[in-house]
Amino acid sequence: AASASAPASGGGGVRKVVVNVETTVYETIRSCARDRGWALQERSVDSAGGARGYNIYWTDRSVTRTRVQRLEAHQMLNHFPGMVSLFSKAQLAANLEAMRKARPEAYAFAPPSWILPDHYTEFLLACKEAAKQSDNPAMFIVKPAHGCQGKRIFLTRTADEAVVRDAFWSLTEVLVAQSYIQRPLLIDGLKSDLWQCVLETCGDLRGGAGSLTLVALRGGKDKIHP
């Protein structure tokens with residue numbers, strides 16, 4: 001991702017790029033860094049939490065504005081403050097739903113969404129209303145707010161699924177329910193996800209940034225709960 005090099009400590013040449021990987025569990029990050037000849041830092045050298053000793057800080061977690069403000073000129077982060085409002089399924093669904101209601105013509109692409117158990121009553125009414133529409137009622141997709149890689153996602157036509165009822169009484173489980181797009185755009189008969197990756201290079205996402213779009217094809221059959 002980054003091609004910058006660290007400044008030399010003694011004024012002669014350039015020293016090896018150091019990547020801090022203490023808060024990532026993905027071996028792929030370490031492998032890519034090794035392939036580039038970069039040094040890995042498994043622990044921060046600054047016990048006070050300041051930005052010291054590394055050029056790139058790669059983390060699986062969200063970051064605070066304070067951490068960003070502590071970065072020095074030659075240091076980079078792979079996240080930016082506020083990302084949780086985009087990558088959290090629950091927060092993204094809530095944000096899109098708010099915009100869909102405020103600007104329905106501009107956000108018609110966003111399917112109606114419900115955060116469970118908070119919006120269980122509204123979701124239950126939507127399921128009942130959909131059941132009245134035709135002999136083939138609309139489908140809903142339900143996914144765990146903190147899940148990934150397609151795990152524990154299911155399709156349903158009713159709010160009476162056991163996992164939905166359990167979430168209603170749970171203090172920790174949060175689900176996101178959305179109207180299922182019956183005829184999605186397919187690539188060679190497969191569903192796909194588009195991932196937009198942006199490299200921030202100047203502290204401003206509006207300029208100096210390179211971008212890369214990745215397409216992930218999803219195979220297999222959806223599990224349907226009639």
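**Close-up views of a predicted model**

**View 1. Helix α1 packs against three strands.** The buried residues of α1 make contact with β1, β2 and β3. The model shown here and in every view is predicted. Helix α1 covers residues 27-35, and its buried residues are Ile29, Arg30 and Ala33. Looking down the helix axis, these buried residues fall within an arc of 95°, so they line one face of α1. Thr28 and Asp35 lie on the other side of α1 and are exposed. Just after the helix comes glycine 37, with a positive phi of about 80°.

**View 2. Four strands form an open parallel sheet.** The strand order is β2-β1-β3-β4, and the pairing is parallel. Strands β2 (39-41) and β4 (76-77) stand at the edges. Each has a single partner strand, so one side of each has no neighbour in the sheet. Strands of a sheet pair through backbone hydrogen bonds, either parallel or antiparallel. Here, β1 (residues 18-23) and β3 (residues 56-59) pair in the parallel sense over three bridges. Look for threonine 23: its bridge partner in β3 is threonine 59.

**View 3. Strand β6 is largely enclosed.** How many of the five residues of β6 are buried? Five of the five are, so the rest of the structure largely encloses this strand, which spans residues 140-144. Both faces are covered. Phe140, Val142 and Pro144 are buried on one side, and Ile141 and Lys143 are buried on the other.

**View 4. Strand β6 has antiparallel partners.** Strand β7 (residues 154-156) runs antiparallel to β6, and three bridges join the two.

**View 5. Strand β5 joins β8.** Strand β5 covers residues 113-116. Ser113 and Ile115 point one way, Trp114 and Leu116 point the other way, and all are buried. Four bridges link β5 to β8, and the two run antiparallel. Tryptophan 114 has alanine 177 as its bridge partner in β8.

**View 6. Trp114, Phe123 and Phe140 form one aromatic cluster.** A search of the whole structure finds five aromatic pairs. In one of them, the ring centres of tryptophan 114 and phenylalanine 123 are 5.5 Å apart. Their planes meet at 50°, so the pair is tilted. Phenylalanine 123 and phenylalanine 140 form an edge-to-face pair, at 5.4 Å centre to centre and 85° between the planes. Phenylalanine 123 lies in helix α5 (residues 120-133) and phenylalanine 140 in strand β6, so this pair ties together parts 17 residues apart in sequence. Phenylalanine 123 is buried at 0%. Phenylalanine 140 is buried at 3%.

**View 7. A charged residue sits over a ring.** Which residue lies over the face of tyrosine 57? Arginine 67 does, at 4.4 Å from the ring centre.

**View 8. Cysteine 32 and cysteine 127.** The structure holds zero disulfides. Cysteine 32 is partly exposed, with a relative accessible area of 43%. Cysteine 127 is buried, with a relative accessible area of 4%.

Terms used
Residues are numbered from 1 along each chain as its sequence is written. This is a predicted model: local features need pLDDT of at least 70, side-chain atom pairs count only at pLDDT 80 or more; totals for chains, interfaces and linings use all residues. Side-chain values use heavy atoms; hydrogens and water are left out. Two strands pair if DSSP finds at least two bridges between them. Buried means under 20% relative accessible area, exposed over 50%, partly exposed in between (1.4 Å probe, protein chains only). The arc is that of the directions from the helix axis to the C-beta atoms. Contact means heavy atoms within 4.5 Å. A disulfide is a pair of cysteine sulfur atoms within 2.5 Å. Rings of Phe, Tyr and Trp (its six-membered ring) pair if their centres lie within 6.5 Å; planes under 30 degrees apart count as stacked, over 60 as edge-to-face and the rest as tilted. A charge sits over a ring if NZ of Lys or CZ of Arg is within 6 Å of the ring centre and within 35 degrees of the ring normal.
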